[in-house]
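Please examine the sequence and the model before reading each solution.

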Amino acid sequence: MNSILINHKATADINISCFGEVLWDCFPDGKRVGGAPLNVCVRLNALGIKGSMISAVGDDQLGHELLAFIDERGVNRNCIAIDTVKSTSTVQVSLDKSGSASYDIVADTAWDNIALTDAIIDLVHCSDVFVFGSLIGRSAVSLGTLTALVGLAKFSVFDVNLRAPHYQLESIVELMKKADFIKLNDDELYEIAKAMGSPFHSLEQNLEFIAVQTHTDYLCVTKGSHGALLSIAGKKYYNSGYLVNVVDTVGAGDSFLGSLLYQLCTDTNPQYAIDFACAVGAMVAQSHGATPQLTLNQIQAFMYPK
């Protein structure tokens, strides 16, 4: 089987490892499993690609509940450490009237202290794709581990999630230069391009500016309810979004990325990949929580209702 990113592999034989935060999103009505890399990994696994998570939880009740959820969703957690000193991460989530989220993220948790191990190195060596986010770079320990792993990856995907005050633009730009694929939203695109000295005003011009500055052929910009733009070696593919009643946007961008990577690893049609990913992102936005269970048949029915 051939695809845009991978050749001569069946879907069940593809391995993608995701590095970063695993946590509990705490809403007024209760807690839900979260963390951008974990959400990506769960979506990939649900679609049929073998996903492995690299992270850490505390040796506490919240940590053991998180591991039970990860086991339930079939994600490989052999490289999720149990930290006997640091606590499992929690995030206070606030939703505005439109369902858009803001986050209060507790600092210095277990996933801020992911140590580099032989098992993690071996996993990344064996992975077809390595996915990481920007929040994991807020601590020196996990950033050091990430930097080592990016250098080992066959193909690395940087999922930019700017969460003030947990990032420095200089570090973000350096990671972008190391990645093979960059995904970010429109606000993040403009902020980063401006910080890099872009003189441009349009989304496409700023995206091309970042592509040139970072020497990156694969880029994707999400535009909320207005869809997304995928750029591959300068060629653009657009989706204008799907109309849904938004419940909350938490995890919608993560499921979008997981779905996009699934299509890029299993198919040769970039336009269908961006359409499929936008559909899944919309379906998550109209659901509670970051990882609702969606089948391929449900996604197809949403994209092409009879």
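**Exercise 1.** Determine in which hand helix 8 passes helix 9.

Solution. Helix 8 passes helix 9 in a right-handed crossing, a term used when the near helix is turned clockwise from the far one by less than a right angle. The model is predicted: local features need pLDDT of at least 70 and side-chain atom pairs pLDDT 80 or more, while totals for chains, interfaces and linings use all residues. Residues are numbered from 1 along each chain as its sequence is written, and side-chain values use heavy atoms, without hydrogens and water.

**Exercise 2.** State how the directions of helix 8 and helix 9 are related.

Solution. Step 1: helix 8 (residues 252–266) packs against helix 9 at an angle of about 150 degrees, the axes being 8 Å apart. Helices are DSSP runs of H or I with at least four residues, numbered from the N terminus. Axes are lines fitted to C-alpha atoms over the stretch in contact, and angles run from 0 to 180 degrees between N-to-C directions.
Step 1: angles over 145 degrees count as roughly antiparallel; the two helices, helix 8 and helix 9, are therefore roughly antiparallel.

**Exercise 3.** Identify the contacts of Leu-260, leaving out residues up to four places away in sequence.

Solution. Step 1: contact means heavy atoms within 4.5 Å.
Step 1: Leu-260 touches Phe-181, Cys-220, Leu-230, Ala-273, Ile-274 and Ala-277.

Conventions: Parallel < 35°, antiparallel > 145°, perpendicular 65-115°, else oblique.
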